[in-house]
Amino acid sequence: MKKIEFSLIIPCYNEEKNIPLIIDRLKSRLNKKDFELILVDNGSKDHTQKAIKSFMNKHPSLKLVSVKKNIGYGWGIYSGLKKARGEFIGWTHADLQANPLDAFKALDILKKQDSERKVFVKGRRYGRKLFDKLFTWGMNIIETLVLRRILYDINAQPNVFRYDFMNLINEPPKEFSFDLYMYYIAKKKGYKIIRFPVYFGKRIHGKSSWNTGIMSKYKLIKRTLDFTWDLKKRIKQEKQIN
């Protein structure tokens, strides 16, 4: 089997209308033999899977991973990561608020680094509304204080790293704390974190599965903080064992 250079994972939950747009954005890359695009149907209730399948005959580098029941954003990403064959691996969102081609900018940055260096490349968003930025800053301050690592714009996309980073993953969260977990692990293991600017625009089709108002933000805060404290407990237990 020919070696794959780059695997890009995109979790999709009810993104039927965005699938053709994702394919169109990545069409210049889809016919390259050293690239695979893994679209994860993360338990969608619409025709996301059908939309993905409609492009698979035309684009052999397009792969489908099907998750029967949606149990979280993080599980969708992790399901795709486990199927990746690339020397370099990354993920981004299906809502197109960030251009999926940004993942290739991250890849270029990573490839320019010394191959022996531990590097994790992550986007840094601009173009967001003030309220959303304030919300993010508040969460970042709390997580930085609790985990004692400087963490900012945690949910920014894309995220790209070498395959061997996968060996560090141990029981990752199944929901939105997945980005926090991966970012934190990279920091904890001494990876060089490289951030680069990524424009963050409006969603084109569909609606967010979580950002639907004040209550949804409250629930996200609670879930994230619960995971943050659980992660801190795990860190203490690992130190005691070692």
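**Reading charges and helix packing**

Biologist: E143 is placed in helix 6 (residues 130–147). Is E143 buried or exposed, and how far away is the nearest side chain of opposite charge?

Modeller: This is a predicted model. Side chains of opposite charge can pair when their charged atoms come close. E143 is buried but has no salt bridge; R125, the nearest side chain of opposite charge, is 9.6 Å away. Beyond its neighbours within four places in sequence, E143 contacts R148, L151, I154, L180, T224 and T228.

Biologist: With which residue does R125 form a salt bridge?

Modeller: R125 pairs with D153, and their closest N and O atoms are 2.5 Å apart. R125 is in strand 5 (residues 119–126) and D153 in the loop between helix 6 and strand 6 (159–162), so the pair ties together parts 28 residues apart in sequence. R125 is buried at 16% relative accessible area, and D153 is buried at 8%.

Biologist: How many salt bridges are there in the whole structure?

Modeller: A search finds 7. One of them joins K111 and E5 at 3.1 Å, N to O. K111 belongs to helix 5 (residues 102–111) and E5 to strand 1 (residues 4–12), 106 residues apart. K111 is partly exposed at 39% relative accessibility, as is E5 at 22%.

Biologist: At roughly what angle do helix 4 and helix 7 cross?

Modeller: Two packed helices are described by the angle and the distance between their axes. Helix 4 (residues 73–81) and helix 7 (residues 178–188) have axes that come within 8 Å and cross at roughly 55°, which means helix 4 is oblique to helix 7. Helix 4 contributes Y73, G74, I77, Y78 and L81 to the contact, and helix 7 contributes F178, D179 and M182. These residues comprise 6 nonpolar, 1 polar and 1 charged.

Methods
Residues numbered from 1 in each chain as written. Predicted model: local features only at pLDDT ≥ 70, side-chain atom pairs only at ≥ 80, totals over all residues. Heavy atoms only, no water. Axes fitted to C-alpha atoms, helices over the stretch in contact; angles between N-to-C directions. Helix = DSSP H or I, 4+ residues; strand = E, 2+ residues; numbered from the N terminus. Parallel < 35°, antiparallel > 145°, perpendicular 65-115°, else oblique. Contact = heavy atoms within 4.5 Å. Nonpolar A, V, L, I, M, F, W, Y, C, P; charged D, E, K, R; others polar. Buried < 20%, exposed > 50% of the residue type's maximum accessible area, 1.4 Å probe, protein only. Lys, Arg positive; Asp, Glu negative; His and termini not counted. Salt bridge = Lys/Arg side-chain N within 4 Å of Asp/Glu carboxyl O.
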